[in-house]
Amino acid sequence: MMTAQQREDLTLLYQGEVFGEMFYCTLLRHFHSPVQQLLIGSLLQLETENKARVRPIAFKHDIDLIESEYKRNEGAEFVSHVKNMEWIEAARSLVPISEDAVANYRRIAAEAPEAWKPLAESMVEHETLILTATRMAAAGEDEKAADLVASHLVYPLPKPSSF
Ligand SMILES: [Fe+2]
């Protein structure tokens, strides 16, 4: 039996990807250079692939698979904090958000039941990857960040021959 907190945590691991997908999807509307589109598009792809990976485990543990409209709206609205910034400023302001996400996922992994602890631990790695890529973007290394994210994708976006 999972505790109420553990159910809430597993739900968050799934719905957090719903949030992330809509966040990066909306971010694509505001940052238009080819390298920005590649990096943000790759992060969107990472969230989509990760959501697909989490779904069977959520289902196994009787978590509702219906994607939350609330989380989608939250993801889209979160972009309003950064949409009027230069991309590098936006990336810099996303670093502490990403650090908080890693810390929260560490807490979830520490408290997860054995049945889905490996998933929770892999989610810490997933969030750490996003944090690393965001830090690279905050240092002006968008292409390097896109390459890093692409190296973790099953279906990476094709890279333009030049930027
Ligand atoms: Fe994610």
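**View 1. Arg107 is partly exposed, since 13 other C-beta atoms lie within 10 Å.** On the scale used here, 20 or more such neighbours within 10 Å make a residue buried, 12 or fewer make a residue exposed, and partly exposed is in between, with C-beta atoms placed from the backbone. This is a predicted model, in which local features need pLDDT of at least 70 and side-chain atom pairs pLDDT 80 or more, while totals for chains, interfaces and linings use all residues. Numbering starts from 1 along each chain as its sequence is written. Arg107 sits in helix 4 (residues 87–111); helices here are DSSP runs of H or I with at least four residues, numbered from the N terminus. Between the C-alpha atoms of Arg107 and Ala120, 13 residues apart along the chain, the separation is 9.5 Å.

**View 2. Here is the largest nonpolar core, with 26 residues.** A nonpolar core joins buried Ala, Val, Leu, Ile, Met, Phe, Trp, Tyr and Cys residues through C-beta atoms within 7 Å. Leu39, Ile40, Leu43, Ala133, Ala137 and Ala145 have the most contacts inside this core. Helix 1 (4–27), helix 2 (34–60), helix 4, helix 5 (117–138) and helix 6 (142–150) each give two or more residues to it. Another core, of 14 residues, lies apart from this one and includes Tyr105, Ala112, Leu119 and Ala120.

**View 3. Now let us look around Ala145, which touches Leu39, Ala133, Met136 and Ala137, leaving out residues up to four places away in sequence.** Touching means that the C-beta atoms, placed from the backbone, lie within 7 Å.

Key: Contact = placed C-beta atoms within 7 Å.
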